[in-house]
Amino acid sequence: MKRQSGKMTFMSLIAIAILAIGGYMAFQYIGSNLEKKQIKKEIFDTLGSTRGGDRDDAALMAVIEDVLQKHEIEILDIAARMEGSVIRYSFSYRMVTNFLFFKRDEVVEVADQIESYG
C-alpha cells in the first residue's frame, strides 16, 4: 500500500480527463450565453448613442450590421425602422459554438425598441 501513495492510476487519469472536458464544455456554454447578451447590449448602446431625427432606416440598419460584423458571426436578417419617436429594430444571426466533440448551431433572434430624439 505504501508503494501506491502519490501514483496516478488509470481510473484517476480517466476521471481527470472527464473533469477537464466537462470544465471546457461548461466554459464554452457560459461564454456563448454571455456573448449573446453582450451583442444585444452593444447594439442597444450603439443605437442609443447614434439616435436622432436625421437618421433614416438604412443608416440604422448599417449601425446594427457594423456591430454584428465586428463579432464575426453569420448575419441572417436585419430590420430597423423609425416610427415617430421610436426606433423599432430586429435582427437575427447564427452562432456556432465548438464543444470539442460536437458543434452547437444556434439561431438567435432579437426584437427591441428604443426611444429616439426629435
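**Exercise 1. State what share of the contacts with a separation of 6 or more joins residues 24 or more positions apart, then describe the overall fold and dimensions.**

Solution. 
Step 1. In this protein, 53% of the contacts with a separation of 6 or more are between residues 24 or more positions apart. The model is a predicted one.
Step 2. Two helices and three strands make up the secondary structure. Along the sequence they follow the pattern α-α-β-β-β.
Step 3. The radius of gyration is 23 Å, while a compact globule of 118 residues would have a value near 13 Å.
Step 4. Along the principal axes, the C-alpha atoms fill a box of roughly 80 × 20 × 20 Å.

**Exercise 2. Find how many residues the largest nonpolar core has, and which elements give two or more residues to it.**

Solution. 
Step 1. The largest nonpolar core has 19 residues.
Step 2. Two or more residues come from each of these elements: α1, α2 (57-70), β1 (74-83), β2 (86-98) and β3 (103-115).
Step 3. The residues with the most contacts inside the core are I43, I64, L68, Y89, F91 and Y93.
Step 4. Take Y93 from that group. Apart from neighbours within four places in sequence, Y93 is in contact with K36, I39, L68, I73, E74, I75, L76, E106, V107 and V108.

**Exercise 3. Decide for S32 and for F10 whether the residue is buried or exposed.**

Solution. 
Step 1. Locate the two residues. S32 is found in helix α1. F10 is also placed in helix α1, which covers residues 10-50.
Step 2. Apply the cut-offs: a residue is buried under 20% relative accessible area and exposed over 50%.
Step 3. S32 has a relative accessible area of 4%, so S32 is buried. Beyond neighbours within four places in sequence, the contacts of S32 are M95 and T97.
Step 4. F10 has a relative accessibility of 59%, so F10 counts as exposed.

**Exercise 4. Identify the residues that make the nonpolar surface patch of about 740 Å², and describe the surface of the whole protein.**

Solution. 
Step 1. The patch is made by M8, F10, M11, L13, I14, I16 and I18.
Step 2. Of the 118 residues, 25% count as buried.

Key: Residues are numbered from 1 along each chain as its sequence is written. This is a predicted model: local features need pLDDT of at least 70, side-chain atom pairs count only at pLDDT 80 or more; totals for chains, interfaces and linings use all residues. Side-chain values use heavy atoms; hydrogens and water are left out. Patches are made of residues with over 30% relative accessible area and no salt bridge: like charges are joined within 9 Å, nonpolar side chains (Val, Leu, Ile, Met, Phe, Trp, Tyr) within 5 Å. Accessible areas come from the Shrake-Rupley method with a 1.4 Å probe; for residues, only the protein chains shown count as cover. A salt bridge is a side-chain nitrogen of Lys or Arg within 4 Å of a carboxyl oxygen of Asp or Glu. Helices (H or I, at least four residues) and strands (E, at least two) are DSSP runs, numbered from the N terminus. Buried means under 20% relative accessible area, exposed over 50%, partly exposed in between (1.4 Å probe, protein chains only). A nonpolar core is a set of buried Ala, Val, Leu, Ile, Met, Phe, Trp, Tyr and Cys residues joined through side-chain atoms within 4.5 Å. Contact means heavy atoms within 4.5 Å. The radius of gyration is taken over C-alpha atoms; the globule rule is 2.2 Å times the number of residues to the power 0.38.
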